[in-house]
Structure formats: structure tokens, C-alpha cells
Amino acid sequence: MSHITLPVLLLLLLLPTTLSLPLPTFETWKQLYNKTYESEKEETLRRLIFEDNRQYVAEYGDKDSSLQLELGRFADLTHEEFLGAVEVAPGRKDTRSKFGGKLFAAEMGEEGTMTCELWTPNGSAAPSSIDWKTKGAVTGILMQTRQCPMNSYAIAALGAVTGQWYQKSGRRIAFSEQQVVDCSRRSGNFGCIYGTVGSTYGYIQGNGGIATRVNYPTTGPEGHCRTAVKLGPTVTGCRTVARGDEKAMKELVGMVGPVTAMLDISPRSIQFYRSGVYYEKFCHSPYASHHVLVTGYGTQYDRGLDRTVDYWLVKNSWGTGWGENGYMKIIRNYHNHCGIANSITVPYVDK
């Protein structure tokens, strides 16, 4: 994790919180994120990319919203480099969701994947807003690394397992993403290359449980599968909602717990998201490819629109320095924006 120097931190603390932060210069940004480069040639290249991104952020802005962008930790990457660093398989479309009668196939149909039942609301009214993080059902923000950049499927799936286990046992436990990366290829995942939530649930069920992060620590890249570890809860099934059904999704989140979802992260603006309710005209539901955890929803006043806006609260895996301390708010009830309701799952867990 990069550290902000004391002079820069004091400057940030003195700025009014209601104003947008001024865009840093390249030199200031390097201090903020403790950036160094291997050669003068590399630094020159990164400076040029940074300046292009700086111009984009300066010119971007929907004047009718409170969405704010910033030059964060990805500011010296081209958008193509950013997508490669945080997991998008080039040209991959979200064709994983398939209906089958009253069942909904969880993402892909690999051997070992789990099929989720289509959840039907029981008529109980979901709360008008909820944040499972404040209820204690959500662990801290992780950061995907260059050693294993494409493991958001494991992070999201185990986030949902944590949420259900917390409600069942009263204990908030972080489970081992490393075990999923190392051990679930036979269930259809591909380690640090790609994977699905359905295959992760299938692996946990077939394995008889999942280890905690303490018992199977994170080492980074895919490694040798260690089987002699103490296992925690298992997954016995999962629930989903019809593709794009944000009403049912609200009831599932509100009454059952955090759910896995997928987002289209191809728009350039998401690379620099800082705060506000995210809406992007170039964000499209068919291209959802990045796994996240939806931990709540609500409504807030948007001073730009001068009206209230519904949003989903999304836990990402790009570190606390991105977005609102690692989270983002994405517009809700707006045509399944960015594919947020394309592929929803939440597991049943048991000891």
C-alpha cells in the first residue's frame, strides 16, 4: 500500500471537504503514491500517459450530477493497461447467464459449477435502504495485484459466503481466496487467469468446505494446492434473480444479504472514479465482466440533478485508495446500468 507524505496529507486535510480536490501535477502525484520507475525512458512514458489522463479527468464531467473523478493509483496507466491490470479478457462479452426452466445457471456451464435456483420474493417488504457493512457482515477491502490480477471471482464469491456465514454464526470471517485460486481448476476456474462464482461455489461444495484466510494465507500468484488445512463452512446451494431484475435484486440484498454481481468496467471514467453515484453513458450491460459484491443500496440527494437518486453500494477489490474507500455507488433502477443485475448470486452455507 502506498503512503502519502506528511506535507501532502496536511494540505489535503486543510482543503474544504465540499470542494473538488485540485488535480495534482505528475511530481505531486508521484509523491502521493510513492511512485518510482526503473528508467528515465519509462518515467517519460508514464508522464505522457499521466498528462493525457489528467486532461481527460479535467475535461470530464456530467454537469448535471455530483459524480467526481480523481487521478488515483491508476493515473499512469493507459486505459488498456488498466483493463489488463484489473481483469478484463479482451473482447469477452457476458454470455454466461443462461436460463433453464426455474433454474438459473450461475455464469458458465463448466464441469463442477453450481446451478443457482431462481429466487422468488416471498412478499415481505425489503427495507428502503441497507448497508451490510455497518451490520458487520462484510470484511475489509482487498486489492487485486499484478501477481494475480484476475481473481475478483474468488473475492466476490467468498464475500457472499462471509455475509451468509455471519448471519448464521454471528462471526465475520475472511475466507481464503488463495485456496480458490490454487485448488479449483477441476471445478472450472483458471487460477489467476479467470474464473466464475458458480465454479467457486461448486469447488467449495465438492471440497467439503473452505479454509479461512488465516489457515490458508494469501501468497499472490497461483500455487500448489494445499489440502492439509482446516476447513470452515461449505456451500450447499445458491440463489439468483432473473437477469436484469433490479426489483427482485433489491429484495434479495435487503432480506438475504450481500450478493455477487458483475460490472462492465470498460468505460474510461471508472478508472478514475472517486465518489458520487456512478452513471456513464458508455457503460453497457452486455459487457459485464468484473466480479464485485453488492453490499447494500439506498437513495441520496444529487446536488447536480437537484433530486434524489437510487444507488447500489458496491464493494470492489482495487484497494481503499480507489473510489469511496474501496466502494462505489452505481445508479439503481436505471435499465440495469453497467450490467449490475446480469448475474446475481448468493449462497446457502452450512458447517
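**View 1. Strand β6 and its antiparallel partner, β13.** In this predicted model, β6 runs antiparallel to strand β13 (residues 346-350), and five bridges join the two; strands are DSSP runs of E of at least two residues, helices are runs of H or I of at least four residues, and both are numbered from the N terminus, while two strands pair if DSSP finds at least two bridges between them. Within this pairing, Thr234 stands opposite Asp350 of β13. Because the model is predicted, local features need pLDDT of at least 70 and side-chain atom pairs count only at pLDDT 80 or more, whereas totals for chains, interfaces and linings use all residues. Residues are numbered from 1 along each chain as its sequence is written, and side-chain values use heavy atoms, with hydrogens and water left out.

**View 2. Strand β6 and its parallel partner, β4.** Strand β4 (residues 115-118) pairs with β6 in the parallel sense over two bridges, and Glu117 has Arg239 of β6 as its bridge partner. Six of the seven residues of β6 (residues 234-240) are buried, so this strand is largely enclosed by the rest of the structure; buried means under 20% relative accessible area, with a 1.4 Å probe and protein chains only.

**View 3. Helix α5 and the residue that follows.** Helix α5 (residues 152-169) has 18 residues and reaches 25 Å from its first C-alpha to its last, close to the 26 Å expected at 1.5 Å a residue, the expected span being 1.5 Å times one less than the number of residues. Of the 18 residues of α5, 14 are buried, so the helix is largely enclosed by the rest of the structure. Just after α5, Gly170 takes a positive phi of about 80 degrees.

Methods
Buried means under 20% relative accessible area, exposed over 50%, partly exposed in between (1.4 Å probe, protein chains only).
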